[in-house]
Amino acid sequence: MSGEVKQNRYVAYFDMLGLKSATKRDPAIAWESLVSLRHSMDEISKLVVHVQDGDVLLKNRVKVFILADSVLLFTAEDSHYDLTAILLLTSELFAKCLSKCVPMRGAITHGELFYNFDLNLFAGRPFVRAYELEKAANWSGIVVDEVVAEKYQEKNLPRTLDGKPLIINYNVPLKDNMIEKMWVLDWVTPHINSFKTSLPVKVDNYYAVFANVFGPMHQLSEEVKQKYINTVAFINSILVRDNLVG
């Protein structure tokens, strides 16, 4: 088929948590959240990052599609530039959306991708894998497939300013009260100066900024409350690791 491409790519899938319930509660505020996501993506895509042997403009390496409350991303190629780009872009997007009261949950995978820009179609196992990993987690965070973690380690790709890896092992809380040790993206360390609350983070303080969108915390279901509790637990685990709290 004309325009059809089949190649290995890095792929990410993100879900805007709670957007459906927010829409039922106040469609105008939910729409503002979606617009904030689009603006955040546009701002981040303009960033230029340094990758070992050169600079990378993020929008040249990662294609982004926003569909209702989902965000799909895949890289232009299969190089270390592309892996760096999708890691940094997703980390920046995740943190910026949190700052705009848009909590997200996502996953990053790698594999053979089919796409056709003439038809605006794309499909492949990495999208399915990313969707499954994202849906399984019960938090606001970013799970990384084992293949992506291996490629990151092989290439010794970007680390935090103090040399810590961006992809780390963590006991990820899953639905049905299960826990699984998985690779995840450390979005906390690169954005620690953005936190506007005292450390360690308290759940009530963390959720307070979202109350205007999703309502008071006591009105949330127990399952939704647990997502915020689990997210704060991850944040504080990074703070403990980095000796920022006792």
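Tutor: A disulfide is a pair of cysteine sulfur atoms within 2.5 Å. The structure holds zero of them. Cys-97 is in no disulfide, and the nearest cysteine sulfur, that of Cys-101, is 11 Å away. Seen from Cys-101, the closest cysteine sulfur is in Cys-97, and 11 Å is too far for a bond.

A word on the source. This is a predicted model, where local features need pLDDT of at least 70, side-chain atom pairs count only at pLDDT 80 or more, and totals for chains, interfaces and linings use all residues. Residues are numbered from 1 along each chain as its sequence is written, and side-chain values use heavy atoms, with hydrogens and water left out.

Now burial. Buried means under 20% relative accessible area, exposed over 50%, partly exposed in between (1.4 Å probe, protein chains only). Cys-97 counts as buried because its relative accessibility is 1%. Cys-101 is at 19%, so Cys-101 also counts as buried.

Cys-101 also lines a cavity. A cavity is a set of points, on a 1 Å grid over the protein atoms alone, where a 1.4 Å probe fits but cannot get out; lining residues have an atom within 4 Å of a point. Grid points are joined across faces, edges and corners, and a volume is the space filled by probe spheres set on the points. The whole structure has one cavity of 30 Å³ or more. The largest cavity holds about 50 Å³ of space. Its lining includes Cys-101, Val-102, Pro-103, Met-16 and Phe-214. Helices (H or I, at least four residues) are DSSP runs, numbered from the N terminus. The elements giving two or more residues to this lining are α1 (19-25) and α8 (211-214).

Conventions: On a 1 Å grid over the protein atoms alone, a cavity is a set of points where a 1.4 Å probe fits but cannot get out, and a pocket is an open set with protein on both sides within 12 Å along at least five of seven lines; lining residues have an atom within 4 Å of a point.
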